[in-house]
Amino acid sequence: MRAALIACALVLAGVSAASAQPAATAQPAPAWPREFPPRPLQPRPVTFPPFEIKKLANGLTVVLVSQNEQPAVSVRMIVRAGAAQDPRGKLGLAMLTATLLDQGAASRSAQQIADDIDYIGGILSTGAGTDLSFINAVVMKDDYAAGLALMSDVVRRPSFLQAEIDRQRQQALSALKVSAEDPDSVAGMVIDRLIFGFHPYGMPGGGTEASLQSLTRADFVDFHTRYFVPNNALVAVVGDVSHADAMAGIEKYFGDWAAGDLPPFDPTAPPEPTKRVIVIDRPDAVQTEIRVGHLGVPRKHDDFETLDQAVKILGGEGANRLQQVLRSQRQLTYGASADLDGYKHAGAIVAETDTQTANTAEALRVVVEEFSRLQRERVHEVELEAAQDYAVGHFPLTIETPDQIATQVLNTLFYELSLEELPKYRDRVLGVSPDDIQRVARFFIRPDRLSVVLVGNADQFVGSLKGVGFGEFERIPLDQVDVLSVDLKKQ
Amino acid sequence: MRTSLKIGVVLVAAALVWSASPEAATRPPKFVYQRLQLSNGLTVILHQDRSTPIVNVQLWYHVGSKDEKPGRTGFAHFFEHLMFKGSRNVEPEQHTSIVASVGGQANAYTNEDTTVFWQTVPAHFLPLVLWMEADRMATLRIDQDTFVREREVVKEERRMRIENQPYGRLNEIIYEQAFTTHPYRHPVIGSMEDLSAATLADVRDFYATYYVPSNVTVVIAGDFDVAEATNLVHQYFDRVPKAAKPVPRDIPREPAQKQEKRVTVEEAVPLPAVVVAHHITYDGHPDAYPLHIAAKVLSDGNSSRIYRKLVYESGMALTAFGQANLIEHPNLFYAVAIVNPGQSPAAVEKALIAELDRMKAEGVTPRELQRSKNQFARDYILGRETVQQKASHLAHAEVLHADITTADGEFDIFQNITQADVQRVSKTYFTPESRVVIHIMPKGPASRGQEVRQ
């Protein structure tokens, strides 16, 4: 510490003496050679690391990944029910149920749970996504049993005390107020609604003011009883614990968890894509949030991975035409991307970017043109190879930590994909040809049926939308947005 | 260097055995590394970790926004962008795509003190990455066209990150209120007027001044053979010319604040925010460690004091947190609360100050102290899982502490902190004279603010 201070003082003294000298100009060293990039070293073999899958008698699926580099263990549980399972009129139920899990369970109060996990230097987090809820705990290796004991209380025996319900409801209402003014979050909510219609995937998982107000203790207890059963859950134990010890712990804390009957889930299919443009007016915006997309395919669809490669050419890592055109060539944005979101029952292709208000129409035109080009023109071998080289080369970076490994196994199980395919990733990626890409692009990409959401200072850009083929749009003030109504406006 | 480290390890291990108790935090494994210095002044740290066949390479240029002169803010960050614009052997925009073409990831970030370029690649591409980094360190292309075009991207970045987000300007507001003189006063992304006024000569001068090997630490962490990596480092970096002049460090000091500052500003925010800040010391100062502990007791986890009082018990705040921003020069501890509808910012301010006052009057309990030490151990362990994280810790110790042994050594400093230490630093820094109180109120239609009672 002291040595550092003295060194700093010496440098300061040195500078005042040197500052009288003229500044040197930047020029490449004359001796610097023109040369080609060096050849790589001998590659090392990459294999998917070992893992084990077991099942308890009550149906709980267990994934084990043992690695002792750091003295910590993480336990990640997935329950197969999320916002998609929210009953109509009870939006936000899955989200708030997950929030309440650690706000009192068995004999522990909310404050005790917080103190128990913080005191052992652990992390406990709960939440809900579209198709699932999760409970994750990370503890130091010596606290594995303590972590499991806490986790089993939280997962199996939440109290749902009225005082905690009221408290968390109030927080959720405040959070809605903040997200209703966040352009990114509003744009995301509205594009989901346009793409999925009134299918559960089109509904806001955070709920609405009215739906949150309507939730009662019986709703939470019912949701929990119905879905939080071992035959509807997966758990991964990951890190510095042997498979035998990991399994003994899971047996002890989850072995007597009673299985249950699962309700059917059979929502109506999302609507066919239709072109619809929603302009959300936010007069104080300096940038417009742009979302463009339409329906894709569910994760388990046979064409998912091929379509995913096509969408990566449009806007994913290793390729990303949107970024090349919008940022590198045109300086219209800081970032642009496109994703194929594959959920359990449906999926979406969504491109997103943001640009200063004056460039809104032009950026939108470029995004739509890139959808169109992907569908119209056969992708060049070189471009596809580059995208595939990235995907294949990137594989070792995706198996660095035990949590990354477990996530891949959990995803495979959750979406009911084949575990045998996991180590064959490289072959699957390289097996896709430009013809395959053209086939899925022609079939699934519908440039004339894109939904568009623009959140920004409407007065400053709507006049230019007609010139780029989007003269027909619906304009809604930011504070009048209601995704539950047919015309997306508050009634 | 290596010899002294080994002695240090033995002593620390002995101390741990002697003081071990059932409550003692789990000790993370220690780093093993080699440190070299090239004749041009470049520092190189090698950390071998063969668990996965990948390697992370990061270059820490010891230049950040605090090195910028008035009227030239935003240069360090802007320069980070320009480093992707090609060099003698690498075409513009190709750095990232070359790394991507082998499956790697590359990016960069700039903060107040440093500009960091990093890439993680499959291990056998280590020569490629070192070669490209040396190329842009020595022969960056800087031309008028690139410079003008990239400025537009930075302007979009500022709009996206700061101007178009609710609470996006929070940090900017805190620092422009709390600092008068030191360049920490201005945001890292800088002023767009300054960037617009910049000339090509300014940018070239910045490169010649700060992008010199003696101002850089290269860390290589991952799967490599040490002798081979050492040879590669010499092959590609020995030829980078030595700086023509020393790197200037004439950064103005912030004069001590003599009395509390209070300010209310209006911003486009959905709910009011209250900030209570105090001037504190710098990263590496002996007081920095107890200040971190104080921040953890106040704000790490749902059992922390600020969360419990302001969010859980009273429901005054949607979210509330406090953190000690300990960086290279003296900076701030600040607590922020977003005020729930129907709650009063004045009451929230009072509650935040009450927590700091309580820390001065009562200190922390033994249980709170042990809890924060355990949380520290957790942060250490979970913060060292990937080669990128490991490289960052080593670089941080080398560049900002000028002492690489702190990458491990701080663990024991933290575990030895006492209740008295925490109370002492609370009394030293959480004084009314050093306090800055900011109320950020929603602007616009009266309807937005009507639920707020002052």
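In which order do the strands of the open sheet of chain A run, and with what kind of pairing? The legends below take up this sheet and its surroundings in a predicted model.

**View 1. The open sheet of chain A.** The sheet has 6 strands, in the order S9-S10-S8-S11-S7-S12. Its pairing is mixed. Strand S9 (336-342) of chain A forms one edge, and strand S12 (474-477) of chain A forms the other. Each of these edge strands pairs on one side only. From one strand to the next, the twist averages 20°.

**View 2. Strands S9 and S10 of chain A.** S9(A) and strand S10 (residues 347-356) of chain A run antiparallel. How many bridges join them? There are 7 bridges. Gly342(A) stands opposite Gly347(A), a residue of S10(A).

**View 3. A helix of chain B on the sheet of chain A.** Helix H5 (144-163) of chain B packs on the sheet. H5(B) touches strand S8 (287-295) and S10 of chain A. The direction of H5(B) makes about 115° with that of S10(A).

**View 4. The contact between chains A and B.** Here 76 residues of chain B are in contact with 82 residues of chain A. Several elements of chain B each supply at least two residues to the side that touches chain A. They are helix H3 (94-101), strand S5 (115-122), helix H4 (126-139), H5, H8 and helix H13 (366-382). Which of the elements gives the most? H5(B) does, with 8 residues. By class, this side of chain B has 34 nonpolar, 22 polar and 20 charged residues.

**View 5. Helix H8 of chain B.** Helix H8 covers residues 200-210 of chain B. Its buried residues are Val203(B), Phe206(B), Tyr207(B), Thr209(B) and Tyr210(B). In an α-helix, residues three or four places apart point the same way, because there are 3.6 residues a turn. What do the buried residues of H8(B) pack against? They pack against strand S3 (54-61), helix H2 (75-82) and helix H5 (144-163) of chain B.

View 6. Chain A is divided into domain 1 (52-254) and domain 2 (276-480). The C-alpha centres of these domains lie 29 Å apart. Between them, 26 residues of domain 1 are in contact with 27 residues of domain 2. On the domain 1 side, the elements that give two or more residues are strand S2 (61-66), strand S3 (72-79), helix H6 (183-196) and strand S6 (233-239) of chain A. H6(A) gives the most, with 10 residues. This side of domain 1 divides into 16 nonpolar, 7 polar and 3 charged residues.

**View 7. Chain A as a whole.** Chain A holds 16 helices and 12 strands. Its C-alpha trace spans about 70 × 70 × 55 Å along the principal axes. Of its 491 residues, 46% are buried. Among contacts in chain A with a separation of 6 or more, 79% join residues 24 or more positions apart.

**View 8. Confidence along chain A.** The mean pLDDT of chain A is 92. In this chain, 94% of the residues reach 70 or more.

Definitions and conventions:
Residues are numbered from 1 along each chain as its sequence is written. Chains are lettered from A and ligands numbered from 1 in the order in which they are written. This is a predicted model: local features need pLDDT of at least 70, side-chain atom pairs count only at pLDDT 80 or more; totals for chains, interfaces and linings use all residues. A residue is buried if 20 or more other C-beta atoms lie within 10 Å of its own, exposed if 12 or fewer, and partly exposed in between; C-beta atoms are placed from the backbone. Helices (H or I, at least four residues) and strands (E, at least two) are DSSP runs, numbered from the N terminus. Two residues are in contact if their C-beta atoms, placed from the backbone, lie within 7 Å. Ala, Val, Leu, Ile, Met, Phe, Trp, Tyr, Cys and Pro count as nonpolar, Asp, Glu, Lys and Arg as charged, and the others, Gly among them, as polar. pLDDT is the predictor's confidence in each residue, from 0 to 100. Domain bounds come from an automatic or database domain assignment. Two strands pair if DSSP finds at least two bridges between them. Axes are lines fitted to C-alpha atoms, for helices over the stretch in contact, and angles run from 0 to 180 degrees between N-to-C directions.
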